[in-house]
Amino acid sequence: MQKFILLTPMNYLTERHYISQIVFKEFLGLNIYLSEEERVDWCLIDRERKARLFLPDNFFRIASLAWLKKESLPSLPLPAWSAAHELPEVSLVEPKIPVIYGEPVKDGSWFQMEDERTARLGVDVLGSAFFMLTRYEELVVTDLDEHGRFPGCASSASKAGFLERPIIDEYVELLWAAMKKLWPGIERRKWIFRICPTHDVDNPFAHQQLGRLGSFRASVGDLVKRRDPVIALRRAASVVAPGPIQDTLDPNNTFEWIMNVNERYGLRSAFYFLAGGMPPYGPAYSLDEPRMRSLVKKIDSRGHEIGLHGSYDAMDDMACFTEEHQKLVSVLQEEDIHLKELGGRQHYLRWSAASTWRVWATAGLDYDSSLGYADLPGFRSGTAREYPVFDLLKSERLHLRERPLIFMECSLISDKYCGLKDEAALSKIRYLVEATRRVNGTFTFLWHNSFLQRASLRRIYQLCLEA
């Protein structure tokens, strides 16, 4: 494998080493050695120094004057580059690509071959990747919603119109195309498009959550408001039916349906279970209940994944999260369930750039999949690929990986958020799937078991898999 040297300015070396390893080793599969020197840009060279690729160092240069301050955020509106003119071989989601950080090269274009051994790319690929993957802006912008979450509408990606494209993966494609101009014989890591369905188990059984009276009221709503007599009958019957029959009839009990559908497409689902939490956002179930133990064992026996759904308050509470983690591990051990890795997602998608990754890593989790917005679908960290995370406050790479969440069904369907009707929601899903496919990424999505009661929603779920 060909080895490269990346010449870099001499500040923020831990941060620079992290992002160079992510872009070159994780994403491209190339060996890279970082060499610091007095300079104002990045320069990629091969070990024989036969060719050079220059890249601007805009992000770290700007941030060095205003680290974690608003002055270091991208200046809007962003310039846009029609990359097909200079690099026609690159497949982008849209013809024009916004430039988060960067500067045009000498002739005003964004890519230039000075000669057969020297090229310049005007996009600050490494700085922009650091900005997006670490969620830098979420330690700068203080706009939070009623659940203490950073909303998608407050992000630079939303404001600049690139939230629905994996822009960092596209930047890596631009970088690779520029490298191929100089080193035509090099090879990269091969990525394959994948679909990863996940399910946060907030309410496995509706009658547990609503109680007898609440269930009867909901069944009336199913009949009168939602005009779904089948669900109304199932819900009402589940209230009065005995034991196991009650659970079987419960409209939230869609687990068998989910596994059956996913298995038809050769897919493995991940089911994330709450293991604690306090009212009003705590679970309506306990993992000690026989019905829950049976459900967990059934999911595992069919080859699907069990994971942790960190409670509402565990986002930044180490003691709380550790207790929940240990509870789930204890249950898995008692049921003789052995996992190769353990990950999950935060309840309500409550994630903090200041604390959550550190909490999960300290507890010993292998991966997190909380990085998606509740109010908008899209690529919160700019990528559809799993990657190792970085603690900005302690300037440290953590032993935890992020599996970015691209969309949650509530974000599209709920009137509180996008409020899209069925066909409009499906159209948006197809666009996001195609954007992910363009970069051979992993399409990770969240669909709650309780959001598959209606036939129309089950249809959209199946069409999502077919897309």
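Let's start with the six-stranded sheet. Here 6 strands form an open sheet, ordered E2-E1-E3-E4-E8-E7, with mixed pairing. Strands pair if DSSP finds at least two bridges between them. Strands and helices are DSSP runs, numbered from the N terminus: E with at least two residues for strands, H or I with at least four for helices. E2 and E7 (111-115) stand at the edges, each with a single partner strand, so one side of each has no neighbour in the sheet. On average, neighbouring strands of this sheet are turned by 20 degrees against each other, direction ignored.

A word on the source. This is a predicted model, where local features need pLDDT of at least 70 and side-chain atom pairs count only at pLDDT 80 or more, while totals for chains, interfaces and linings use all residues. Residues are numbered from 1 along each chain as its sequence is written, and side-chain values use heavy atoms, with hydrogens and water left out.

Back to the sheet, strand by strand. Buried means under 20% relative accessible area, exposed means over 50%, and partly exposed is in between, with a 1.4 Å probe and protein chains only. E1 runs parallel to E2 (residues 31-36), joined by 6 bridges. E1 runs antiparallel to E3 (residues 41-46), joined by 4 bridges. Look at Phe 4. On the E2 side, Phe 4 stands opposite Ile 32. On the E3 side, the bridge partner of Phe 4 is Asp 46.

Which strand pairs with E3 over 5 bridges? That is E4 (residues 52-56), in the antiparallel sense. Leu 44 has Leu 53 as its bridge partner in E4.

Now the helices on this sheet. H1 packs on the sheet and touches E1, E2 and E3; its direction makes about 155 degrees with that of E2. Contact here means heavy atoms within 4.5 Å. Axes are lines fitted to C-alpha atoms, for helices over the stretch in contact, and angles run from 0 to 180 degrees between N-to-C directions. H5 (residues 167-182) also packs on the sheet, touching E1, E3, E4, E7 and E8 (118-121), at about 150 degrees to E4. E1, H1 (residues 13-27) and E2 make a right-handed β-α-β unit. Right-handed means that, with the strands pointing away from the viewer, the path from the first strand over the helix to the second runs clockwise.

Next, the other sheet. It is open and has 9 strands, in the order E14-E15-E13-E12-E11-E10-E9-E17-E16, with mixed pairing. E14 (387-391) and E16 (407-408) are the edges, each with a single partner strand, so one side of each is left without a neighbour in the sheet. E16 pairs with E17 (residues 442-446) in the parallel sense, over 2 bridges. Met 408 has Leu 446 as its bridge partner in E17. H12 (residues 356-363) lies across E11 (305-310), E12 (343-346), E13 (367-368), E14 and E15 (396-402), running at about 80 degrees to E15.

After H3 comes Arg 135, with a positive phi near 60 degrees.

On to the rings. Rings of Phe, Tyr and Trp (its six-membered ring) pair if their centres lie within 6.5 Å; planes under 30 degrees apart count as stacked, over 60 as edge-to-face, the rest as tilted. The count comes to 33 aromatic pairs. Take Tyr 312 and Tyr 348: edge-to-face, 5.4 Å centre to centre, 85 degrees between the planes. Tyr 312 sits in the loop between E11 and H11 (318-334), Tyr 348 in the loop between E12 and H12, so the pair ties together parts 36 residues apart in sequence. Buried or partly exposed? Tyr 312 is buried, at 11% relative accessibility. Tyr 348 is partly exposed, at 32%. Ring pairs also link a cluster that includes Tyr 12, Trp 42, Phe 130, Phe 131 and Phe 390.

Charges over rings, with a cut-off: NZ of Lys or CZ of Arg within 6 Å of the ring centre and within 35 degrees of the ring normal. Arg 16 lies over the face of Trp 42, at 4.9 Å from the ring centre.
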